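Reader: I have the model open beside me. Please take me through it, one point at a time.

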Amino acid sequence: MIRVVIYEDNPQFREGLTMLINGSDGFSVLASYKNCNNVAEEVEKWSPDVILMDINMPGTDGLEGLKKIREVNAEVKVLMLTVFDDNKNVFEALRNGANGYLLKKTPPAKLLEYIQDATLGGAPMTSSIATQVLKMFQVIPQTKNQDYCLSERETEVLQLLVDGYSYKMIASELFIAIDTVRSHIKKIYEKLHVNSKSEAVAKAFKDKLL
């Protein structure tokens, strides 16, 4: 069962999301909120697998809420679900530790697929957002290759992350257990000084690690 918490200020959209998720096998909405004013306490209380996070909300918005989540929990998967598709919001969300970025026009069946993908280690993005991210990478100033002392296996895992592989796909590709993949990725995050897959991929491009 994939346990979900929703942050969305539009009551109709919030209720629609709740009905969609609760009405689908293998998914459950634990709680939903109209803003992120108490997000740290709420995430600690519910311990969800996935958080669906709007950006523009009254009080504490989604980008600030994401920061607060990452201060207390680096593991929960946070998917931004918003109408905003501009570079600034996409960049801020990924920099703050979002695991994916989806637009609200995403079809219901695809949204459920994205939620499941996130729990398996994927970084789901609406196609137009993914295109923007690639363009952002292309304009990042290139710096001298830094040595983060990644092992050969960690470099292989990082390459597969960059290629868009989920944890399950990496395990299959390298013939190792998912727990071993998680262990490698934890060490990669520590060595690169990052907290999410998106940050690790960005640093791999920026510092020419591969």
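Reader: Leaving aside neighbours within four places in sequence, which residues is Val-83 in contact with?
Author: This is a predicted model. Val-83 sits in the loop between β4 (77-82) and α4 (87-95). With neighbours within four places in sequence set aside, its contacts are Leu-103 and Lys-104.

Reader: Is Val-83 buried or exposed?
Author: Its relative accessibility is 58%. Exposed means over 50%. Val-83 therefore counts as exposed.

Reader: What separates the C-alpha atoms of Val-83 and Leu-161?
Author: Along the chain, Val-83 and Leu-161 are 78 residues apart.

Reader: Turn to Met-57. Which residues is Met-57 in contact with, leaving aside its neighbours within four places in sequence?
Author: Met-57 lies in the loop between β3 and α3. Neighbours within four places in sequence are left aside here. The contacts are then Tyr-7, Glu-8, Asp-9, Lys-34, Asn-35, Cys-36 and Gly-62.

Reader: Is Met-57 buried or exposed?
Author: The relative accessible area of Met-57 is 5%. The cut-off for buried is under 20%. Met-57 is therefore buried.

Reader: What is the separation of the C-alpha atoms of Met-57 and Leu-150?
Author: The two residues are 93 residues apart along the chain. Their C-alpha atoms are separated by 40 Å.

Reader: Now the cysteines. How many disulfides does the structure hold?
Author: Cys-36 is buried, at a relative accessible area of 0%. Cys-149 counts as exposed, at 54% relative accessibility. A disulfide needs a pair of cysteine sulfur atoms within 2.5 Å. The number of disulfides in the structure is zero.

Reader: On to helix packing. Are α2 and α3 roughly parallel or oblique to each other?
Author: Helix α2 (residues 39-46) packs on helix α3 (residues 62-72) at an angle of about 50 degrees. Their axes are 8 Å apart. Roughly parallel needs an angle under 35 degrees, and roughly perpendicular needs 65 to 115. α2 and α3 are therefore oblique.

Reader: Which residues of α3 make the contact with α2?
Author: α2 passes α3 in a right-handed crossing. From α2, the contact uses Val-39, Ala-40 and Val-43. From α3, it uses Gly-65, Lys-68, Ile-69 and Val-72.

Reader: By class, how many nonpolar residues does the contact of α2 with α3 have?
Author: The contact has one polar and one charged residue. Its nonpolar residues number five.

Reader: Are α1 and α5 roughly perpendicular or roughly parallel to each other?
Author: The axes of helix α1 (residues 11-22) and helix α5 (residues 108-119) come within 11 Å. They cross at roughly 70 degrees. The range for roughly perpendicular is 65 to 115. α1 and α5 are therefore roughly perpendicular.

Reader: Are α7 and α8 oblique or roughly perpendicular to each other?
Author: Helix α7 (residues 152-162) and helix α8 (residues 167-174) have axes that come within 10 Å. The axes cross at roughly 130 degrees. Roughly antiparallel needs over 145, and roughly perpendicular needs 65 to 115. α7 and α8 are therefore oblique.

Reader: How many charged residues does the contact of α7 with α8 have?
Author: The crossing of these helices, α7 and α8, is right-handed. Arg-153, Glu-156, Val-157, Leu-160 and Leu-161 of α7 meet Ile-170, Glu-173 and Leu-174 of α8. By class, the contact of α7 with α8 has five nonpolar and no polar residues. Its charged residues number three.

Reader: Last, the backbone. What is the phi of Ser-47?
Author: Ser-47 is in the loop between α2 and β3 (50-53). It counts as partly exposed, at 40% relative accessibility. Ser-47 is not a glycine, although its phi is positive, at about 45 degrees.

Reader: And what is the phi of Lys-208?
Author: Lys-208 is in the segment after α10 (197-206). At 43% relative accessibility, Lys-208 counts as partly exposed. Lys-208 is not a glycine, although its phi is positive, at about 50 degrees.

Note on methods
Residues numbered from 1 in each chain as written. Predicted model: local features only at pLDDT ≥ 70, side-chain atom pairs only at ≥ 80, totals over all residues. Heavy atoms only, no water. Axes fitted to C-alpha atoms, helices over the stretch in contact; angles between N-to-C directions. Helix = DSSP H or I, 4+ residues; strand = E, 2+ residues; numbered from the N terminus. Left-handed = near helix turned anticlockwise from the far one by under 90°. Contact = heavy atoms within 4.5 Å. Nonpolar A, V, L, I, M, F, W, Y, C, P; charged D, E, K, R; others polar. Buried < 20%, exposed > 50% of the residue type's maximum accessible area, 1.4 Å probe, protein only.
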